[in-house]
Amino acid sequence: MENSTEEYRIQSLDMDTQMLLKTALKDPSSVNLEKVSDILVDQSLKDQVFSKEAGRICYTIVQAEAKQNNGNVFRRSLLNRLQQEFKSREETRARSLQEWVCLVTFICNIFDYLKVNNMPMVALVHPVYDCLIRLSQPDALMNEEEVDCLVLQLHRIGEQLEKVNGPRMNEVFYLLRDGFLLQEGLTSMARLLLLEILEFRAGGWLLSGTAHKYYYSEIAD
């Protein structure tokens, strides 16, 4: 996966930080990788667009470090920092819904990109599921922002996650089905998103052409 650093969305960062990240992408052993992982997490929690992009940056640094000196300093620092953020997720959610949604997006992104022998990292499976189950609780289903985040992550990594742990995916979908059928006060957009993801999984993580047209024309309207 060769990428020019210009492709990454790092233009929003100050010049020193951009230089640090560009160096980390090409020559990781010449920079403080713990500092780099902190910058990537901090920026991801502030900026939802960046949180979707950061997985790719992390992947490139992990690959570059492994190639350079067979090291894993960056990956270890990143996972340590993610563990801290994960532990305080309820406080984050109470403080800022946007930061919480960014955190989930970032963790799911890392799960999607960082593999060990082409397999998802075991250390991330339960934290990712815990985040998705939190987003499936009744209070979260009342927030369109959280429903939207949940559905996006399931579209992106649902199939991979189910292969690693099917029973926990069932747990997520029992909550979503009950929310859709029984919960009062959901917005019409939240209902539409939930129905779409229920159909998406029921169809083997695929949406028929007709269903796609139905949902996406509704969402566009």
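Which side chain meets the side chain of R201 in a salt bridge? The partner is E162, with an N to O distance of 2.4 Å. Keep in mind as we go that this is a predicted model. R201 belongs to helix 11 (residues 188-202) and E162 to helix 9, so their pairing ties together parts that are 39 residues apart in sequence. How open are the two partners to their surroundings? R201 has a relative accessibility of 18%, so it counts as buried, because the cut-off for buried is under 20%. E162, with a relative accessible area of 22%, is partly exposed.

Side chains of opposite charge can pair when their charged atoms come close. In this structure there are 14 salt bridges. Another of them joins D38 and R81, where N and O are 3.0 Å apart. Look for D38 in helix 2 (residues 33-46) and R81 in helix 4 (residues 73-87); the pair therefore ties together parts that are 43 residues apart in sequence. D38 is partly exposed, at 29% relative accessible area, whereas R81 counts as buried at 12% relative accessibility.

Now return to helix 9, this time to find E146. Its salt bridge partner is R93, and the closest N and O atoms of the two are 2.8 Å apart. Since E146 sits in helix 9 (residues 144-164) and R93 in helix 5 (residues 89-95), this pair ties together parts that are 53 residues apart in sequence. E146 and R93 are both buried. They also take part in a network of salt bridges, which links them with E90, R134 and D139.

From charged pairs, let us move on to nonpolar residues. The largest nonpolar core has 67 residues, and within it L154 and L176 touch the most other members. Helix 6 (residues 97-113) supplies the largest share of this core, ten residues.

Setting aside neighbours within four places in sequence, L176 is in contact with S136, L141, L150, L154, L194, I197 and L198. Notice L154 in that list: it is the residue named alongside L176 for touching the most other members of the core.

Note on methods:
Residues are numbered from 1 along each chain as its sequence is written. This is a predicted model: local features need pLDDT of at least 70, side-chain atom pairs count only at pLDDT 80 or more; totals for chains, interfaces and linings use all residues. Side-chain values use heavy atoms; hydrogens and water are left out. A nonpolar core is a set of buried Ala, Val, Leu, Ile, Met, Phe, Trp, Tyr and Cys residues joined through side-chain atoms within 4.5 Å. Buried means under 20% relative accessible area, exposed over 50%, partly exposed in between (1.4 Å probe, protein chains only). Helices (H or I, at least four residues) and strands (E, at least two) are DSSP runs, numbered from the N terminus. Contact means heavy atoms within 4.5 Å. A salt bridge is a side-chain nitrogen of Lys or Arg within 4 Å of a carboxyl oxygen of Asp or Glu.
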